[in-house]
Structure formats: structure tokens, C-alpha cells
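I opened the model to look up a few sites. My notes follow, entry by entry.

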Amino acid sequence: MRVAKALLAGRADLHEERVAFLLPPGIPWIATLWGIWQAGGIAVPLALGSARPELEHYIGDAGASAIIFDAATEAMAEPIASAQNIATLTYKEIQNGALIELPDVAIERRAMILYTSGTTNRPKGVVATHANIAAQISTLVEAWEWQADDRTLLCLPLHHVHGIINVVSCALWSGATCEMMTRFDANVVWERIASGVLTVFMAVPTIYLRLISAWEAAPALRQLELSHAAAKLRLMVSGSAALPVSTLERWKEISGHILLERYGMTEIGMALSNPLHGKRVPGSVGIPLPGVQVRLCGQDGEPVAEGIPGEIEVRGPSVFSEYWGKPEATREAFHEGWFRTGDTAVAENSVYRILGRTSIDILKTGGHKVSALEIEEVLLQHPGIAECAVVGVADEEWGQRVAAAVVLRAGAALSLDSLRAWARELLAGHELPSRLLVLEALPRNAMGKVMKPAVTNLFSETTIQMRS
Ligand code: MLC
Ligand code: AMP
């Protein structure tokens with residue numbers, strides 16, 4: 001409440017002013033989010049790992065009136081704020097606002113903007129109202145039976161719905177406890193599991209693979225302790241990317257848990273979930289969550305029958321309201337009032353199985369959504385690169401890896417390490433290519449369009465530059 005009062009600084013209501021914040025996970029992060037909401041603002045949580053041009057885009061696109069940071073993030077946030085002429089506030093300054101009346105914020109008002117990559121242009125701001133967020137939280141609280149005596153551990157970043165809604169907000173809504181790590185560390189997560197106090201844990205498949213590796217590296221006696229402690233949690237969930245059945249099976253051997261896999265998206269929160277009680281089908285994402293309507297549509301836009309693949313469309317109170325400042329993109333994202341996810345699935349015995357994305361240019365790596373086109377745009381700024389094509393190559397650890405095929409300018413040479421070093425200022429760590437192929441020419445069709453599937457195949461057929 002003190003944060004809200006400091007943000008209001010004597011005004012009655014922020015009237016949906018956008019307030020961006022770059023803070024590590026912890027109480028200040030939560031106090032800031034709630035403070036912005038209580039003051040009537042729209043919260044724009046920023047990604048800690050972003051490169052400067054990415055942050056500039058989020059802050060500029062949202063038209064933020066202020067940016068909040070702390071000592072750890074000041075060096076990144078402050079220069080952007082001064083370049084864009086935006087007010088800066090440190091968390092220290094806003095935690096002690098003076099007492100005044102808080103505004104009444106209607107639930108239909110806009111509450112949060114999360115940036116997400118798409119197939120065109122720069123990342124779009126996904127706007128959720130308070131009502132959307134309440135629906136996204138309450139469906140999970142109901143389906144997964146969150147209780148006040150639950151205790152969870154956040155090891156995910158706080159600029160995506162997975163961390164913000166599924167972990168932190170569900171815990172707060174239920175009066176449960178949420179421990180927060182500033183960043184993921186497999187050994188620390190195992191220590192917290194071993195402490196015996198956690199009841200619920202949620203992560204992306206890459207994190208479960210890291211936990212499996214850490215368990216395998218532990219001495220036999222410690223492995224027994226860890227497995228015994230893990231078995232005591234009441235719920236372990238995987239999502240944000242496809243969970244390989246091999247990972248599900250190995251995790252079951254280690255922890256005794258059949259991971260509950262669910263499916264969601266920034267624009268909709270969670271839509272499909274395997275059951276808390278009852279049979280979880282490996283390789284599937286279950287059935288619609290309470291209050292969420294899901295259908296599959298064919299290329300003709302008509303709903304398809306069971307067993308026929310179609311695009312997932314979602315409707316209900318948890319679906320976002322708009323892309324910030326992009327009415328056209330918002331209109332295109334809906335079909336007869338249903339949100340078009342761009343994911344293809346099939347329903348078998350009413351249980352949904354994800355088959356992939358309709359666009360080859362959207363990658364999922366380590367649970368992060370990444371646009372191949374955005375990365376290509378950056379790589380084309382490299383003085384040695386004449387042409388490039390970015391694709392996702394299948395990878396056990398990351399789900400997909402960012403792979404770049406390039407054609408160099410005459411006389412230029414390029415190594416993967418030098419490309420990564422050059423791109424580090426412009427892209428987040430998970431967006432940096434970790435596979436590089438230098439070609440004489442990109443495979444193109446008769447129209448001159450790069451054939452991405454052929455590029456993807458080249459990465460398995462050719463000697464490439466790679467890093468672990
Ligand atoms: C990082 N690295 C990668 C990489 N990510 N290499 C290849 N592919 C990737 N995807 C490299 C970095 O460049 C760096 O290399 C080194 O690994 C360490 O980087 P890091 O950033 O410190 O990585 P790490 O902490 O190990 O991160 C792994 C992770 C993280 C799995 C913990 O990616 C993560 O938190 N993922 C979760 C994302 C998430 O919350 N998604 C939810 C979206 S919401 P170098 O050279 O610098 O050493 C959504 C909806 C839904 O999807 O359904 O939930
Ligand atoms: P984001 O836009 O970052 O919220 O990512 C949402 C995307 O993650 C979805 O559109 C899916 O492609 C993917 N996704 C989320 N959960 C799953 C899952 N369980 N299996 C496969 N893909 C998933």
C-alpha cells in the first residue's frame with residue numbers, strides 16, 4: 001500500500017498509466033506489482049535477462065511514465081529511462097509513501113502488460129485486465145486445489161505467466177507461502193525439496209532435466225534422501241513447452257511423481273490441464289480448465305471432429321483483452337470471438353495432445369518463446385552477414401535450440417563464439433544462436449523464399465559449429 005501511495009504522489013488515481021519495473025524476484029517485486037495495481041496503474045514487469053534494445057522496445061512501446069529499479073538493476077534501467085525521458089524511482093524511494101486514500105479500481109480495468117514474441121514485427125504487449133488475471137488464477141486454484149497451507153518455490157523468471165500467475169499469484173490468492181529464488185539453481189532447488197517443507201512445485205521441462213542431472217550427480221545415499229523428500233510433495237507440474245515422455249518417465253523413477261502437464265500461453269493463462277486426481281496421460285495436456293472453453297479448428301475455420309488435428313482456439317474470462325496499441329493485430333488474433341493460439345492439437349477421448357505450432361518461425365527454447373524473425377533482423381546487422389535464416393532445431397535439453405544458417409559477405413569469416421560475443425549486447429542469453437552453419441547460399445524455393453524446413457534439415461545433415 002505504501003508503494004501505491006508513493007506512486008500516486010498526491011494524485012487520486014494513476015488512470016492506467018504504465019509503470020515498468022525491473023526488479024529481481026522477491027518481496028519488493030511483489031510489493032511493486034500490487035502497489036501499481038492499487039494505485040490504478042498498468043504494471044509492466046520487465047525481463048532481467050533482456051538486452052538493452054529489447055528493454056528499450058518494451059518501455060517505449062508501453063509508453064511507460066515511470067520505471068522502478070533497485071541497486072542491482074539501476075545500471076541497466078537508468079540509462080534507458082534518461083534516454084526516453086521517463087521518471088525513475090528506486091524501490092527504496094517508493095516503499096514509504098505517505099498515507100492517502102487509494103482509488104477504487106474496477107475489475108474491468110487494465111492491469112498488466114507482458115511482452116511476447118510473434119511472427120511479425122517486434123514483441124507485442126499482451127494486456128490483461130484485473131478480471132482476466134483473477135480468472136487465470138482462480139481456475140488454477142480450483143483445479144489444483146491450492147490451500148493456505150501450501151508452500152511453493154519460485155525458480156522461474158517473473159516476466160511470464162508461468163512464474164507470475166501459476167506460482168506467485170496462485171500462492172498469494174490462496175494465502176499459501178511462496179519462497180523465491182533470484183535465479184534457478186538445480187542444487188538449491190533440491191535443497192529446498194529436501195527440507196521437506198514444499199508441497200507444490202512448477203517448472204519448465206528444461207528445469208526438470210537439470211534437476212534430473214543434479215540428482216544423477218549426487219551420491220547414492222543423498223539420492224535416496226532427495227527422492228524420499230520429493231515424493232512427499234502433493235503436486236509437481238510441468239508446462240510452457242512439450243514435456244518429453246522420456247523426461248516424464250525418468251522423473252517418475254526419481255521422485256515417484258507423474259508430472260502434471262498443462263498447456264497455456266501469455267494471452268490466455270492456462271487452458272488445458274491433466275487432472276490433479278485421476279489418470280494423467282503422458283504426452284498429453286489434458287482437458288479444459290474450469291471456465292475455459294477450448295475448440296480445435298481446421299484450415300477452413302470450422303471446428304474439427306475428435307482425432308482430426310486443428311488449431312487450438314480459446315474463449316473465456318481468462319483470455320487477454322488486447323495487444324497494446326495494436327487493434328489490427330488484436331482483431332487478427334481472434335476468430336468468431338475465440339483466441340487463435342497458433343498451436344495445433346488433436347483430441348483423443350476428449351484429451352488434448354499438442355502437435356506443434358502452426359508457424360515454423362516461433363521457437364520454444366528452455367520454455368522461452370522466441371521469434372526467428374526477430375533474431376534474423378538482429379543478425380543481419382552483423383557486418384559479415386549477407387543473408388541468414390534462423391530455425392529451431394530439436395534438442396533434448398532445451399526443447400529447441402536457436403540455430404542460425406548464414407551466408408557471409410565476400411572475404412568475411414565468422415565463428416559461433418564471435419557471433420555470440422557480438423550479439424550479446426542485442427539479444428537475451430536464450431536468444432543467442434548456439435548452432436551455426438555457414439552456407440554458400442540459403443535453400444530457396446522458386447519464388448526465392450527461404451525454405452525453413454530444408455534449413456532445419458541441414459543442421460542434422462551437415463557439420464556445424466556448436467556449443468553446449
Ligand atoms: C540460456 N542458454 C542457452 C539457453 N538459455 N543456450 C541454449 N538455449 C537456451 N535456451 C545459455 C546462455 O546463453 C548462457 O551461456 C548459459 O546458457 C546460462 O544462461 P542462463 O540464462 O543463466 O541460463 P539458465 O539460468 O541456465 O536458464 C535456464 C532456465 C531458463 C531453464 C532456468 O531458461 C528459464 O528460467 N526458463 C523458463 C522460462 C519461462 O518461465 N517460461 C514460461 C513462459 S510462459 P553463456 O555463454 O553466457 O554461459 C508460457 C506459458 C505457459 O510459456 O504455458 O507457461
Ligand atoms: P508464451 O507465448 O511464452 O506464453 O508461450 C506459449 C506457448 O508455449 C504455447 O503457444 C505453446 O506453443 C507452448 N506450450 C505451453 N505449454 C505447452 C505444453 N505443455 N506442451 C507444448 N507446448 C506448450
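**Entry: R401**

I started with the side chains of R401 and S434, which are joined by a polar contact of 2.8 Å. I count a polar contact as a pair of N or O atoms within 3.5 Å; within protein, one must be able to donate a hydrogen and the other to accept it, and residues adjacent in sequence count only if both atoms are side-chain atoms. The R401 side chain also makes a polar contact with the side chain of D395, at 2.8 Å. R401 sits in strand 23. Helices (H or I, at least four residues) and strands (E, at least two) are DSSP runs numbered from the N terminus. R401 is buried, at 5% relative accessible area. Buried means under 20% relative accessible area, exposed over 50%, and partly exposed in between (1.4 Å probe, protein chains only).

For the record, this is a predicted model: local features need pLDDT of at least 70, side-chain atom pairs count only at pLDDT 80 or more, and totals for chains, interfaces and linings use all residues. Residues are numbered from 1 along each chain as its sequence is written, chains are lettered from A and ligands numbered from 1 in the order in which they are written, and side-chain values use heavy atoms, with hydrogens and water left out.

**Entry: helix 15**

Which residues of helix 15 are buried? I found K452, V455 and F459, in a helix that runs over residues 452-461. They lie on the same side of helix 15 because they cover an arc of only 55 degrees around the axis. The arc is taken from the directions from the helix axis to the C-beta atoms. P453, S460 and E461 are exposed on the other side of helix 15. Among the elements covering the buried residues are helix 13 (372-379), strand 22 (385-395), strand 23 (399-408) and strand 24 (435-439). Contact here means heavy atoms within 4.5 Å.

**Entry: ligand 1**

I counted 29 residues around ligand 1; the closest are R183, S240, R262, K364 and T365. A residue is near if one of its heavy atoms lies within 4 Å. A polar backbone atom of G367 is 2.9 Å from a nitrogen atom of ligand 1. Oxygen atoms of ligand 1 lie 3.2 Å from a polar side-chain atom of H368 and 3.0 Å from one of R424. The protein buries 81% of the 1100 Å² that ligand 1 exposes when taken alone. Accessible areas come from the Shrake-Rupley method with a 1.4 Å probe; for residues, only the protein chains shown count as cover. The shell holds 9 nonpolar, 12 polar and 8 charged residues. Ala, Val, Leu, Ile, Met, Phe, Trp, Tyr, Cys and Pro count as nonpolar, Asp, Glu, Lys and Arg as charged, and the others, Gly among them, as polar.

**Entry: ligand 2**

How many residues surround ligand 2? I got 15, and the closest are R262, T266, D343, R357 and K364. Strand 11 (residues 260-265) gives the most to this shell, with 5 residues. A nitrogen atom of ligand 2 is 2.9 Å from an N or O atom in the E261 side chain. An oxygen atom of ligand 2 is 2.9 Å from an N or O atom in the K364 side chain. The protein covers 93% of the 500 Å² of accessible area that ligand 2 has on its own.
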